[in-house]
Amino acid sequence: DHPSLGAALNLVFAVDIGEGDNRKHRIVADPVVSGGRILTLDAQTTVTAVSTAGTVLWQRDVLPEGADDGDATGGGLAVDGDVVYVSTGFGALTALEASTGNTIWVQNLEATGSGRPTVFGDLVYVLAGDDTGWAINKSNGRVAWQVTGSDSNTNILGAPAPIVVDGLAVFSFGSGEMQAVFRQGGLRRWDASVLGERKGRALSKFDDVTGRPIAADGVIYAGNQSGRTVAVSAGSGGRIWTAEEGAVDTVLPVSDSVFLVSDRNELLRLDASNGTRIWGTELPNFVSDRPGRQVEVFAHHGPILAGGRLIVASSDGLLRSFDPASGSLTGTAEIPSGATTAPVVAGQTLYLVTRKGQLVAYR
């Protein structure tokens with residue numbers, strides 16, 4: 001929520017964790033930290049456990065039997081106790097021993113399981129195929145129940161982790177629909193949506209909920225990359241406000257504000273009560289400044305709050321820190337080859353994965 005982190009960040013190690021980003025494959029799984037281990041998933045199906053000293057403890061390929069490792073990409077990680085749960089683009093959810101990497105069970109969802117799992121109580125929740133939510137018994141991998149959302153043919157790789165709030169599990173589908181169901185039985189409680197588009201932008205045709213939803217004080221905040229961020233009641237799904245600003249990654253509520261990276265590559269601070277804009281700080285946008293070559297944009301991951309500042313990791317090769325009150329830039333650190341995941345902080349150390357498939361650590 002707001003971990004400790006030193007003011008000056010220095011690179012302390014960089015460790016290869018497998019395949020990096022290329023034309024066909026992307027790393028979309030943020031690292032997770034537990035029990036003195038940092039766990040990562042590369043652009044294909046290799047899970048790696050690294051010690052906090054930067055030593056590789058084990059690696060495990062969770063490629064399904066008979067599959068070609070070049071046929072799918074994407075996935076997510078969650079850890080609970082001594083068990084790591086891994087979803088992959090092949091539609092498999094795998095449970096591994098966190099200490100050894102040994103397989104405990106595998107569940108074939110028969111759908112692209114590229115969403116990050118969420119573990120709560122005795123169930124693992126995961127989104128597959130952008131239109132199906134699953135609840136899996138974490139002890140044996142058996143399906144407890146599933147729910148479906150509206151179909152969508154224009155999706156972004158990866159899917160937001162389901163969230164659990166007030167006895168409900170909330171899934172965010174590729175169609176822009178959010179669906180809340182009772183956690184144990186999967187009975188639908190309410191529906192909401194994150195819909196709308198920023199006119200004049202081709203990316204607005206993608207309706208995915210890309211701004212990872214989060215609940216705070218009975219309110220769920222979520223956004224898309226098409227120019228919309230919403231706040232809805234966690235209990236009823238009723239709309240509280242809509243902001244005409246998209247969110248491409250984490251939607252971060254802190255006290256009376258909401259922070260996000262917008263679809264126009266601005267770091268924004270919104271008023272949590274009504275969604276109005278308080279300030280915006282421009283981040284690098286198009287890779288090329290030449291009008292005829294403005295095709296590719298830089299990717300920005302975060303923000304997170306740590307050490308009294310907002311932190312954004314970017315594909316342009318910089319880790320940037322900002323003052324939450326004013327949005328002013330307070331510091332930078334270099335990221336070898338640029339970031340491909342959001343940063344995470346544990347033990348006063350910041351971890352992220354680079355585009356070349358390296359886990360890097362800063363203290």
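Helices (H or I, at least four residues) and strands (E, at least two) are DSSP runs, numbered from the N terminus. This is a predicted model: local features need pLDDT of at least 70, side-chain atom pairs count only at pLDDT 80 or more, and totals for chains, interfaces and linings use all residues. Residues are numbered from 1 along each chain as its sequence is written, and side-chain values use heavy atoms, with hydrogens and water left out.

**Stop 1: a cis bond**

Select proline 303. It is found in strand E26, residues 300–306. Now show the backbone of glycine 302 as well. The peptide bond from glycine 302 to proline 303 is cis, with omega near 10 degrees. Most peptide bonds are trans, and most residues other than glycine have a negative phi.

**Stop 2**

Select aspartate 217. It lies in the loop between strand E18 (211–216) and strand E19 (219–223). Is aspartate 217 buried or exposed? Buried means under 20% relative accessible area, exposed over 50%, and partly exposed in between (1.4 Å probe, protein chains only). Aspartate 217 has 80% relative accessibility, so it counts as exposed.

Go on to serine 255. This residue sits in the loop between strand E22 (252–254) and strand E23 (257–261). Serine 255 is not a glycine, yet has a positive phi of about 55 degrees. With 70% relative accessibility, serine 255 counts as exposed.

**Stop 3: a hairpin**

Select residues 132–137, strand E12, and residues 143–148, strand E13. The two run antiparallel and are joined by five bridges. Two strands pair if DSSP finds at least two bridges between them. Click glycine 133: its bridge partner in E13 is valine 147. The hairpin has five residues between the strands, and there glycine 141 takes a positive phi near 80 degrees.

**Stop 4: aromatic rings**

Rings of Phe, Tyr and Trp (its six-membered ring) pair if their centres lie within 6.5 Å; planes under 30 degrees apart count as stacked, over 60 as edge-to-face and the rest as tilted. By this rule there are eight aromatic pairs.

Show tyrosine 125 and tryptophan 145. Their ring centres are 6.0 Å apart and their planes at 50 degrees, so the pair is tilted. The pair links distant parts of the chain: tyrosine 125 is in strand E11 (residues 123–128) and tryptophan 145 in strand E13, 20 residues apart. Both tyrosine 125 and tryptophan 145 are buried.

Next, show phenylalanine 259 and tryptophan 279. Their centres are 6.0 Å apart and their planes at 45 degrees, so this pair is tilted. Phenylalanine 259 and tryptophan 279 are both buried.

Finish with Tyr125, Trp145, Phe171 and Phe173, which ring pairs link into a cluster.
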